[in-house]
Amino acid sequence: MADAAQAARHVLIAADKFKGSLTAVQVAQRVTAGLRRVAPDAEIASVPVADGGDGTVAAAVAAGFERREVRVTGPLGEPVTAAYALREGTAVVEMAEASGLQLLPEGVFAPLTSTTYGSGEVIAAALDAGARSLVFGVGGSATTDGGAGMLAALGARFLDAQGVPVAPGGGPLATLASADLSGLDPRLADVDIVLASDVDNPLTGPKGAPAVYGPQKGATPEDVAELDAALAHFAKVLGESVGPTALEHAESPGAGAAGGIGYGALVGLGASFRPGIEVMLDVLGFAPALEKATLVITGEGSLDEQTLHGKAPAGVAAAARSAGIEVVAVCGRLALAPEALGKAGIRRAYALTEVEPDVARCIAEAGPILEDVAERIATDFLS
């Protein structure tokens, strides 16, 4: 064991954020500090990661992208400041920056009327800045409008029977009579757009955007039914104006991502869908960093069943396992059995609650506790 521990001295930290407590960058900093207490000479590198949801722009900036800010329309129609990341013609756009739940006042939801218009404005800003390829990370949305707002911001027209533009949000799409995408920004045709998401839901139905994610955005059962019908109608009208592929895309993996903005990206932007963590590992330069590593530390706030379905730690572990590199994980809360961790390629997980059983303290004092957890990892694998 001593020889193995001595060999495992090139550590790569590739963890996602601990939502509500630490950013991915802060997780890496705290883990590094804890490791150094026990193994001061270990070589430690970090690639903060994200799976396309909130925190994606921050991860790109940590990897060397330039942070850009732009004033856009928020989910409730008010102006907000949204960031995107840019490097050498590649833009990373995170829809949550312009249309995310975190932009809503506490306790305020607008499931029927919240809009993705600002997300379209961010994409336009990235085009203005010279982006030739664009990673569109979607997740954490406050919206269920099928991406109609985003497309409208980029030049599409959605009109009711009187020829008046339909109001913002998913609910008013029930009044849609005609859709015209011919006015979409012509630069979109020359840009490679990847839809990066950790969910593969269709647009509508029992596993669609309204049914699965509407309630967390404040939608009542009645709202869910209304939104589901409105989005189905949206797809039908687009099918009539754009062609049958628009209807087919409603069933495509990722169409239901972020309140259906995935659908708008597939139909209107010509985006291709890829699991978010796979895209981000490519963009963030994970493979070159992995070449030197003999131990990878990944993690996120909660390791649970969702982790196994496209979340960042599972993607990191899969890539490391393919390279024959051992993986351990850090988390705030652990809800996976050792067998499930093993199948995911994670040898062992270290939870903050093992050090501090009080969950409230784990959230409030996540940084210092994470350092203590990292010290345990160093004792087990590096000393």
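Student: Which helix and which strand each supply at least two residues of the lining of the second largest pocket?
Tutor: Those are helix H6 (148-153) and strand E7 (157-159). Keep in mind that this is a predicted model.

Student: Okay, and how much space lies in that second largest pocket?
Tutor: About 300 Å³.

Student: Which lining residues lie nearest its centre?
Tutor: Gly 149, Ala 152, Val 166, Ala 167 and Pro 168, out of a lining of 21 residues.

Student: How do the residues of the lining divide into nonpolar, polar and charged?
Tutor: There are 13 nonpolar residues, six polar and two charged.

Student: Switching topic: how many aromatic pairs does the structure hold?
Tutor: Two. One joins Phe 158 and Phe 234, with ring centres 5.6 Å apart and planes at 70°.

Student: Why is that pair edge-to-face?
Tutor: Because the planes of Phe 158 and Phe 234 stand at 70°, and angles over 60 degrees count as edge-to-face.

Student: What parts does the pair tie together?
Tutor: Phe 158 lies in strand E7 and Phe 234 in helix H8 (residues 221-242), so the pair links parts that are 76 residues apart in sequence.

Student: Is Phe 234 buried or exposed?
Tutor: Phe 234 is buried, with a relative accessible area of 0%. Phe 158 counts as buried too, at 6%.

Student: And what about the rings of Phe 234 and Tyr 263?
Tutor: Their centres are 5.9 Å apart and their planes at 75°, so this pair is edge-to-face. Tyr 263 sits in helix H10 (residues 257-268), so the pair ties helix H8 to a part 29 residues apart in sequence. Tyr 263 is buried, at 0%.

Student: Which residues do the ring pairs link into a cluster?
Tutor: Phe 158, Phe 234 and Tyr 263.

Definitions and conventions: Residues numbered from 1 in each chain as written. Predicted model: local features only at pLDDT ≥ 70, side-chain atom pairs only at ≥ 80, totals over all residues. Heavy atoms only, no water. 1 Å grid on protein atoms, 1.4 Å probe; cavity = no way out; pocket = protein on both sides within 12 Å on 5 of 7 lines; lining within 4 Å. Points joined across faces, edges and corners; volume = space filled by probe spheres on them. Helix = DSSP H or I, 4+ residues; strand = E, 2+ residues; numbered from the N terminus. Nonpolar A, V, L, I, M, F, W, Y, C, P; charged D, E, K, R; others polar. Phe/Tyr/Trp six-rings, centres within 6.5 Å; stacked < 30°, edge-to-face > 60°. Buried < 20%, exposed > 50% of the residue type's maximum accessible area, 1.4 Å probe, protein only.
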